[in-house]
Amino acid sequence: MARESNQNKLSTQRSRVEYAKKWRVNESYDNLWQRLINLYRGRQYRGMATGDRLLVNICFSTINTLAPSVAIGRPKINVNPRKPSDGDKAILTESIINYWWQHYDCQSEFQRAVKDYLIIGHGWVKTGYRFVEESKLDNIEDTADEAAEDNVTSDVESSFIIREDRPFAERINPFDMFVDPDAANMDDARWIAQRIRKPFKDVQNDTRYEAAARKELTPSSFRSYTDSSYQESYDSNNKDDSYCDIYEYYDINTGEMSVFSDSGDKFLIKPVKMPYVFGHPFVMLRNYDIPNFFYPMGELEAIEPLQYELNETRTQMMNHRKRYSRKWLIQESAFDDFGRQMLASDDDNVMVPVKGSENLNNVAVPMPALINPPEFYNQSTLIQNDIDRVSGVSEYQRGAIPETTRTAREASIIAEAGNARVAEKLVYIENSIAQCASNIIMLAQQYLTGEQTIRIIGTEASPVWLTFDKDYISGQFDFTVEAGSTAPRNEAFRRDMALQIVSAMQPFAQAGLVNLPKLAEYVLTTGFGVKDASTFLQQPQAPEAPQAPQAPQDQMPPGLPQGADQGMPPELMAMMQGGQPPMDQQPVPNPQAGGDLESLLASLPPEVLQQLLAQQAQPPVM
């Protein structure tokens, strides 16, 4: 089969991306996502206002109640080896990935993707490797003069300093991601592409791209806003402030990656094998999956009509309150200008003069007012209850005080029912973090150069520094996230749990089965947040070893006959009595005897040697 040309590949890839754009517009995905984002930000009215309008942003409250429940804490990533030989490396890899996740600010990028995941139904996280180097002379002023003074050669001028050599994780705008329209999920997608809008001058000066392709580029827009629904014509004569759309295209079926723009007839980067061992670098966060549809459903899509109805109801209530104002019907001839002024005054205890002798009951009577029925004002409460029922976020989760008094058992049942949905999201978030962590470590195994130093976390008061290279993290590992580590922590609950552990371990401590210093350190660290708990604890003193009883010098060891000490060397006599031979009586090696032991045995009397051998042959007394 003939090999497909790059020009045909470029035409195919562009047509696929354009088809994905049209498909999203025809299915109203772009319009839906922008509308949901406007719901969250409070721009829920469209068109010019003809009067006063109220907005009660329940959508904002719902998202900001769920987001901290699943992704507010820094995750504790656990690394388990797949082979027994990688056990030590797994311990180091776990410290490295937890430090990188904190130090390289991966958590904030992931939290931004979680906001997309909750608002529009899905979010994107991209993992990659960043290697930045620059010339050593870039940061030196008057480099020409200093180079002449120091006799800097061309070899020094060509040297570089590595500024960045690390993996990264970043959030991707969902409007910039395009996938195979025929896919129902990420497992059966044939291709995936990311749009990157860069300044036109930066693209032309980027040496990573083909020089011939850069010459054919034309600007795409004058705005950095990358929503595909926004199109703007541009002036081709003014290219300084323009932008160019670049597409990173990953063909999952063929395992190739390429880069091209929306103009020109050449690839900026020709199709090559995917540079990452795990394939494409994107991790998709999916909220509520819909059967046979690729894009899932978010939290706000189901409560959108209720939000509009709540705004309309509260606006009507405000307008009816404004129309309700007390008015009086008066007989105009009974009041002069001063009397009418006093009648309209807000002052208390004012005298209003009345002209003539008219009956006061006929001078001024209240005008009947239209009173709204009480049921009308209950509509707002009904709508809010519907929103809580659909979203699954109860008033307890929002931190509101319920109007209905409930027992502790009822409140516990309501809280557990609401936490069930949050627990499902929490598990999915933890699995997504583990996937990102796995990609980061595999990127470091593939591209890390030289040595790096990290601070092993968990010992903030007395940190431990580790210098490593990629050999330290080589191996195959499984990544998991400690359950509940990304959820908010209740300090009172945590302290209570620590004290309960102490109570539960008390019987074992009395039996001597518990390491008490370690238990005390755990309680101080986990329950009360003490960073360096070892400063509060004293190391237990080691018990002194019991000394063997020493026999009197004038008494023979048991089992030896009287007179056996005659002719016995002093050093052996001391050893038989449980002591040590004197320093000045150390046995002198006898080369002819073959060693210290042989020379010592040769010097023993025959009867003593026979008695020792007999004692050694006897079984021990139990």
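Trainee: How many bridges join β5 to β6?

Mentor: Strands of a sheet pair through backbone hydrogen bonds, either parallel or antiparallel. Here β5 and β6 run antiparallel and are joined by nine bridges; Arg195, for instance, has Tyr247 in β6 as its bridge partner. Strands are DSSP runs of E with at least two residues, and helices are runs of H or I with at least four, numbered from the N terminus. Two strands pair if DSSP finds at least two bridges between them. Please note that this is a predicted model, in which local features need pLDDT of at least 70, side-chain atom pairs count only at pLDDT 80 or more, and totals for chains, interfaces and linings use all residues. Residues are numbered from 1 along each chain as its sequence is written, and side-chain values use heavy atoms, with hydrogens and water left out.

Trainee: In which order do the strands of the open sheet lie?

Mentor: The order is β4-β5-β6-β7-β8, five strands with antiparallel pairing. The edge strands, β4 and β8 (269-273), each pair on one side only. From one strand to the next, the twist averages 20 degrees. β4 (residues 177-179) is joined to β5 over three bridges, with Met177 partnered by Gln194 in β5. Six bridges link β6 to β7, and Tyr249 stands opposite Ser258 in β7.

Trainee: At what angle do the axes of α1 and α2 cross?

Mentor: Two packed helices are described by the angle between their axes and the distance between the axes. The axes of α1 (residues 6-26) and α2 (residues 29-41) cross at roughly 60 degrees and come within 5 Å. Axes are lines fitted to C-alpha atoms, for helices over the stretch in contact, and angles run from 0 to 180 degrees between N-to-C directions.

Trainee: Which residues of α1 meet α2?

Mentor: Trp23, Arg24 and Val25 in α1 meet Tyr29, Asp30 and Trp33 in α2, where contact means heavy atoms within 4.5 Å. These residues divide into four nonpolar, no polar and two charged. Ala, Val, Leu, Ile, Met, Phe, Trp, Tyr, Cys and Pro count as nonpolar, Asp, Glu, Lys and Arg as charged, and the others, Gly among them, as polar. α1 also lies across β4, β5, β6, β7 and β8, running at about 75 degrees to β7.
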